[in-house]
Amino acid sequence: MIRTFSESEFLFIVASARWTLLLTLLSLLLGGLLGFIVALARTSQLAPLRMLAAGWIGMIQGIPVLMLLFLSYYGLSMGGVDMPPIVAASVSMAIYASAYLGEIWRGSIQSVAWQQWEASAALAMSRAQQYRYVILPQAVRIAVAPTVGFIVQLVKNTSIVSIIGVVELARAGNLVNNATFAPFKVFGTVAATYFIICWPISLLARRLEGRLNARRSG
Amino acid sequence: MNGFQFQFSPVFARSDVLLEGLWLTLQLSAIGISLGALLGILLAMLRGLAPRALRWPVDAYVELVRNTPFLVQLLIIFFGLPSIGVKLTAEQAAIGAIVLNLGAYSTEIVRAGIESVHKSQIEAGLSLAMTRWQVFRHVVIAPALARVWPSLSSQFVLMMLSTSVCSFISVQELSGTAANVESDTFRSFEVYITVTAIYLALALVMRGLLAMLGAVLFPKGSGLGRLRTQSGR
């Protein structure tokens, strides 16, 4: 039965964006936590930890997100436990995000002037205090713009989880297209919804970056 | 407890199928990345030469592509174009989407390189009686490319990894054949571990090759200092 692409189909697609947003949020929180650990390990004084973190980043950045998704999906269900697809989806996106956020935040931590480490050490601060009161507050400012920029990549990559049956934006588009055969209208709506989510974030990232550069040169 | 036992032998028995998939992945990547990079460099040059008022079509293209998922671009091309009478095979649609996608990212990266060339360099070139084109070619484009080569390289590797998404439209590249082997053998985890290892090896080799290519194309100093740009992931 062929349905026409009407208001209800349009609303179905747009409303499915809530799953895209939820998935982005979950993977950002989980991936952010993991990524923070990766960044700390990557800037650690212990060489084995640094190597481990570097290996993690290099490995995850060399694997397609689709493969991370399949490995999480089948890996988590290997123990015989049936995982809801949204769990596997969030886990794989979080692993993906941890490598990129870890690398972004490593760069931010390392771009804090090394004299800051010396000065805070001279004040008899412990390593944890140095991070807490001196290094991280400065690193966060540098990290904000690229982190916001990465969120756009995260939103877009959540489209891949449609293959394991999570009905987010891309999957909703596929379902409606199969019923209506109006690909331009359907995927146009899907693309427009992604664009409306991503573009403001991109613009924000650019503005933050510009502001940071202005502050540096001024 | 049902202990999971790894069984790779059924997967390795189908290695001929996976190798065919790998071959298609290599072809898609090679063709798509070459054409995409070319498109990006041309558009960035066009944008650099065009009067300010004519830049918006390039900018709109870049923004539209960079703010929508590769998967959706692929689906629009694969399902959309045939609906208006343009017949396409899945492979052609895949290459089209790769070129479209990488073209936008490369345009953005090269544009950043072009804009980083200092005005005084251009004035110096003109004062040496170089023509406008010579200045653009030797003083602007060449150093710009040298500077953004690292960013371009990582974008190329990301694009190679993203070709896996083409399995969504039934292209039988590496991840597409992996799905076939999976449904034949039911060894899902083993199949995807194997294929993941292949992608990882591909990415590592590609990073190495691109670094070497960069060293040959852009000898030390040709970039007049490196530039860090934000590359899409």
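**Criteria and conclusions**

Q: What makes residues 86–105 of chain A helical in this predicted model?
A: Over residues 86–105 of chain A, the chain is 100% helix and 0% strand, with the end C-alpha atoms 27 Å apart. The model is predicted, and the UniProt annotation "transmembrane region", from an unreviewed entry, includes this span of chain A.

Q: Why is A:I104 called buried?
A: The criterion for a buried residue is 20 or more other C-beta atoms within 10 Å of its own. A:I104 has 21 C-beta neighbours inside 10 Å and therefore counts as buried. A:I104 lies in helix 5 (residues 85–110) of chain A.

Q: Which residues are in contact with A:I104, leaving aside its neighbours within four places in sequence?
A: They are A:A143, A:P146, A:T147 and A:F150; a contact requires C-beta atoms within 7 Å. A:I104 and A:I142 are 38 residues apart in sequence, and their C-alpha atoms are 9.6 Å apart in space.

Q: How is the span of helix 8 of chain B known to be close to the expected one?
A: The expected span is 1.5 Å times one less than the number of residues. Helix 8 (residues 174–185) of chain B has 12 residues and an expected span of 16 Å, and the distance from its first C-alpha to its last is 16 Å. Just after this helix, B:F186 takes a positive phi of about 60°.

Q: Which residues of helix 8 of chain B are buried, and what covers them?
A: The buried residues are B:L174, B:S175, B:G176, B:T177, B:A178, B:V181 and B:E182. Their cover includes helix 4 (65–76) of chain A, together with helix 1 (9–12), helix 2 (15–49) and helix 9 of chain B.

Q: How many residues of each chain form the contact between chain A and chain B?
A: In chain B, 34 residues are in contact with 35 residues of chain A. On the chain B side, the elements that give two or more residues are helix 3 (56–66), helix 4 (70–83), helix 7 (132–162) and helix 9 (188–217) of chain B. Helix 9 of chain B supplies the largest share, 10 residues. By class, this side has 19 nonpolar, 12 polar and 3 charged residues.

Q: Which residues touch the most other members of the largest nonpolar core?
A: This core has 122 residues, and those touching the most other members are A:M67, A:L69, A:V190, B:L71, B:V72, B:L74 and B:A94. For A:L69, the contacts beyond four places in sequence are A:A89, A:S92, A:I160, A:V161 and A:I164.

Q: How many helices and strands does chain B have?
A: Chain B has 9 helices and 0 strands. Of its 233 residues, 45% are buried. Residues 24 or more positions apart account for 81% of the chain B contacts with a separation of 6 or more.

Q: Where in chain A is confidence lowest, and where is it highest?
A: Confidence is lowest in helix 9 (residues 183–217) of chain A, at a mean of 90, and highest in helix 3 (residues 47–60) of chain A, at 97. Chain A averages a pLDDT of 92, and 97% of the residues score at least 70.

Terms used:
Residues are numbered from 1 along each chain as its sequence is written. Chains are lettered from A and ligands numbered from 1 in the order in which they are written. This is a predicted model: local features need pLDDT of at least 70, side-chain atom pairs count only at pLDDT 80 or more; totals for chains, interfaces and linings use all residues. UniProt positions are given in the numbering used here, feature names are shortened, and annotations may be inferred rather than shown by experiment. Helices (H or I, at least four residues) and strands (E, at least two) are DSSP runs, numbered from the N terminus. Two residues are in contact if their C-beta atoms, placed from the backbone, lie within 7 Å. Ala, Val, Leu, Ile, Met, Phe, Trp, Tyr, Cys and Pro count as nonpolar, Asp, Glu, Lys and Arg as charged, and the others, Gly among them, as polar. A residue is buried if 20 or more other C-beta atoms lie within 10 Å of its own, exposed if 12 or fewer, and partly exposed in between; C-beta atoms are placed from the backbone. pLDDT is the predictor's confidence in each residue, from 0 to 100. A nonpolar core is a set of buried Ala, Val, Leu, Ile, Met, Phe, Trp, Tyr and Cys residues joined through C-beta atoms within 7 Å.
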